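Work through the exercises below with the sequence and the structure side by side, and try each task before you read its solution.

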Amino acid sequence: MIKILQPILFILIISGLSFGQNDTLTINQCVDLALKNNPQIRLAKSNYDFNYSNLVLTRSNIFPQVSLQSAWNRNGGTIFTGPSAVPLTYATYVAGFQGSLLLYDFQKTFSRISAYSDLTDASAQDLINAKQSLILNTYTAYFDYLQAVKLQKVSEESLHQATEHLKLSRSLFDVGSKPQFDVIKAESDEATARVNLLNAENNIDITRLQLENILNQKLPPVFSLRDDFEVARDSVTESASLNMALQNRPEIIAGKLRVDANKSFLISAWTANLPTINASGGYTWKSFALNQTFQGSWFLGVAVSLPIFQGFALDAGIQQAKANLDNAQATYDLTEQSVTLDVRQQYSNIRLARNQITASRSLLKAADETLRLAEARFKEEVGSAVEVTDARVAYYNAQVLLIQSLYNYQVTYARLERAMGTLK
């Protein structure tokens, strides 16, 4: 038993370590993990399976319905034959089969089949929609974590600069070149930098938890995310992005299918007033004992049924189908309106994100030069501690703004792709 378990345990250990040793995850790997593990996908898949089952159940009505039957009965009592009565007890054995087939019902069944087929296709689009939403959430969590790591490094650098400035301020104070105010100001700046670093470290923990929640999987203690994305992405015009959204967005496609489905349900409800023609037939063998010869009989017929009065149920069914159709059409119109607004907003956001990157780089360059000059002036004892603090705060904010702009662009572009229905 030990010899059998050893290779199995070895494989399990290696498979468990493989994820931990592969400490650099790509966005595609994270997306695959999310699609595999997140329960949102299972929920959408179960809805699709439910609608497909309804389609199969409805289709079954157009196929022959065949059943087998057998029975044994024990009968007893008094049989009257003319003026005399005879007590009698006997058994009957019956075996046979029967079947029925829908011949024609004026499209009642086929309309329902068409409706459930459209609903099944709509639920398939819902599944695609759930996947795209999950992919977008994965992108957001992925870049939020990368941004948090970058901001932590900026906070560490800022703390290092504040510490060095504090050392310089103390040394200048010791030789009488600077007042005590500069030392106190430097100590305050260092404390502020430490608080910023604590917040940055906590933000890493928060974004890590958010990423693990999206992936529905615990990440190894030490890991990193690949950060090799170019800022430049494929450009598309606003009109082209809007056309792509109206063609590809799963909510739009699902809305159209649900409108078509409710049209078919309305046809089925109206044709419920028309006749239904069925054929039926069967064969039965019957005997009074198992050791006797079974006698056979058969039947074959065609039945026509026409509803005359159903307590106004048919009229209510038509009204209900009309209301459902109006609801589906209104929902589709609202979805189309919402998608159009979403595309235009995301397109505007992507232009803003590009401009923010350009402006943030210019701002960082100016803030870097300002900080360099402020520190040089302080060392030459012609500048004040307030100048250095202001310059360092401006430089820190410029670094943060550039990092936020770079990663915001990536998330915004993913949101534009999601709005167009092309996110994969």
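**Exercise 1.** Decide how helix 5 and helix 9 are oriented relative to each other in this predicted model.

*Solution.* Begin with the geometry: helix 5 (residues 180-215) and helix 9 (residues 385-420) pack at an angle of about 15°, and their axes are 9 Å apart. Next, recall the cut-off, by which angles under 35 degrees count as roughly parallel. The two helices, helix 5 and helix 9, are therefore roughly parallel to each other. Finally, look at the handedness, where you will find that helix 5 passes helix 9 in a right-handed crossing.

**Exercise 2.** Find which residues of helix 5 and helix 9 meet, and sort them by class.

*Solution.* On the side of helix 5, the residues in contact are F181, D182, K185, D189 and N196, and on the side of helix 9 they are A385, V386, T389 and Y396. Sorted by class, this contact is made up of four nonpolar, two polar and three charged residues.

**Exercise 3.** Compare the span of helix 5 with the span expected for it, and then say what follows the helix.

*Solution.* Helix 5 has 36 residues, and from its first C-alpha to its last it reaches 53 Å, which is close to the 52 Å expected at 1.5 Å a residue. Directly after helix 5 comes N216, whose phi is positive, near 55°.

**Exercise 4.** Describe how helix 6 packs against helix 7, and name the residues that meet.

*Solution.* Helix 6 (residues 238-248) and helix 7 (residues 250-271) have axes 5 Å apart and pack at an angle of about 45°. That angle makes helix 6 oblique to helix 7. In the contact, A245, L246, Q247 and N248 of helix 6 meet P250, I252, I253 and K256 of helix 7. By class, these residues divide into five nonpolar, two polar and one charged.

**Exercise 5.** State how many aromatic pairs there are, and examine the pair of Y90 and F288.

*Solution.* With ring centres required to lie within 6.5 Å, the count comes to twelve aromatic pairs. Y90 and F288 form an edge-to-face pair, at 5.8 Å centre to centre and with 70° between the planes. Y90 lies in strand 3 (residues 84-104) and F288 in the loop between strand 5 (276-287) and strand 6 (295-305), so the pair ties together parts that are 198 residues apart in sequence.

Terms used:
Residues are numbered from 1 along each chain as its sequence is written. This is a predicted model: local features need pLDDT of at least 70, side-chain atom pairs count only at pLDDT 80 or more; totals for chains, interfaces and linings use all residues. Side-chain values use heavy atoms; hydrogens and water are left out. Helices (H or I, at least four residues) and strands (E, at least two) are DSSP runs, numbered from the N terminus. The expected span of a helix is 1.5 Å times one less than its number of residues. Axes are lines fitted to C-alpha atoms, for helices over the stretch in contact, and angles run from 0 to 180 degrees between N-to-C directions. Angles under 35 degrees count as roughly parallel, over 145 as roughly antiparallel, 65 to 115 as roughly perpendicular and the rest as oblique. A crossing is left-handed if the near helix is turned anticlockwise from the far one by less than a right angle, and right-handed if clockwise. Contact means heavy atoms within 4.5 Å. Ala, Val, Leu, Ile, Met, Phe, Trp, Tyr, Cys and Pro count as nonpolar, Asp, Glu, Lys and Arg as charged, and the others, Gly among them, as polar. Rings of Phe, Tyr and Trp (its six-membered ring) pair if their centres lie within 6.5 Å; planes under 30 degrees apart count as stacked, over 60 as edge-to-face and the rest as tilted.
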